[in-house]
Amino acid sequence: MAIFEARNITQSYEGVPIIEDICLALNHGEVVCLIGASGVGKSTLFQVLSGMKKPDSGGVFLNGEDITGKTGMVSYMLQKDMLLPFMNVIDNVALPYRLKGFKKKEAREKVRSYFGQFGLEGAQDKLPDQLSGGMRQRAAFMRTYFFGREVVLLDEPFSALDELTKADLYEWYLNIGGELGLATLFISHSLEEAVSLSNRVYVMSGVPGRIEAEVAIKRRGSLREFCSTSEFSEYKNRLRDLL
Ligand SMILES: Nc1ncnc2c1ncn2[C@@H]1O[C@H](COP(=O)(O)OP(=O)(O)O)[C@@H](O)[C@H]1O
Ligand SMILES: [Mg+2]
């Protein structure tokens, strides 16, 4: 059974339909991409999936339980999720624990041992501005992780990064997501990114936005090897045709 499911989600803003009849599912350990043109309603859908918005109709289910309109059930990283510039990195990533009511010192102790795993050893006391783009993004992932849920929703997590940093972070995310046992649904408008990271890709298009196709990706070998295969280009072409 899927651990996370959206069933027939429809949402409008001021009477204008934005997304219509969206169904999707996420299984244990999967990385799934939602791809679609700008404005198609991807972020709107994520607001519904995270419980921040109640849909006009349809429901969201976690392990079969109806969680429609309930926040805090999944870990959610907003599009352009910035670290607070005046707060050092350890306090930034420990924010989820502060929100759960832990004192500053206790919250720091909760997260301290994870800095190595997230590739941020030595960054604890720095300010976000003193980190590279890739490190800032890993800190944002780390903070999202401490919301403590198996299901992780990431809204365009890689879009602000340069190509080289992206390639490193893709590999890093696949490893750490596997280690931590996360089920990830992420938004992208990059075909390359969708094919690189995903077990499956949902293609969203139209007005109002609908899921028009679903493509399973079989990755073989390391990410670096896979990216240079003809299969990789074929997947990309297939997704381009569907968009
Ligand atoms: N709070 C809002 N009020 C009214 N319209 C909105 C609001 N948020 C988004 N929209 C509209 O909904 C559509 C989908 O936006 P969005 O979900 O952000 O798309 P995407 O993330 O795919 O780029 C856009 O036309 C946008 O203008
Ligand atoms: Mg968006």
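## Backbone geometry

P208 sits in the loop between β9 and β10 (210-216); helices (H or I, at least four residues) and strands (E, at least two) are DSSP runs, numbered from the N terminus. The peptide bond joining V207 and P208 is cis, with omega about -5°. E14, in the loop between β1 (4-13) and β2, has a positive phi, near 45°, and is a residue other than glycine. Most residues other than glycine have a negative phi, and most peptide bonds are trans.

## Basis of the model

The model is predicted: local features need pLDDT of at least 70, side-chain atom pairs count only at pLDDT 80 or more, and totals for chains, interfaces and linings use all residues. Residues are numbered from 1 along each chain as its sequence is written, chains are lettered from A and ligands numbered from 1 in the order in which they are written, and side-chain values use heavy atoms, with hydrogens and water left out.

## Domains

The domain assignment gives domain 1 (4-74 + 149-228) and domain 2 (82-138); such bounds come from an automatic or database assignment. Their C-alpha centres are 25 Å apart.

In domain 1, 8 residues are in contact with 6 residues of domain 2, contact meaning heavy atoms within 4.5 Å. The two domains bury about 640 Å² between them, 71% of it on carbon and sulfur atoms. Buried area is the accessible area (1.4 Å probe) that two parts lose on being put together, summed over both.

## Salt bridges

A salt bridge is a side-chain nitrogen of Lys or Arg within 4 Å of a carboxyl oxygen of Asp or Glu.

One salt bridge pairs the side chains of R200 and E30 (2.8 Å, N to O). R200 belongs to strand β9 (residues 200-205) and E30 to the loop between β2 (16-26) and β3 (31-36), so the pair ties together parts 170 residues apart in sequence.

## Cavity

The structure holds 1 cavity of 30 Å³ or more, and the largest cavity has a volume of about 70 Å³. On a 1 Å grid over the protein atoms alone, a cavity is a set of points where a 1.4 Å probe fits but cannot get out, and lining residues have an atom within 4 Å of a point. Points are joined across faces, edges and corners, and a volume is the space filled by probe spheres set on them.

The lining includes F118, F141, Y145, L154 and Y173. Elements giving two or more residues to this lining are α5 (133-145), β7 (151-155) and α6 (163-180).

Note on methods: 1 Å grid on protein atoms, 1.4 Å probe; cavity = no way out; pocket = protein on both sides within 12 Å on 5 of 7 lines; lining within 4 Å.
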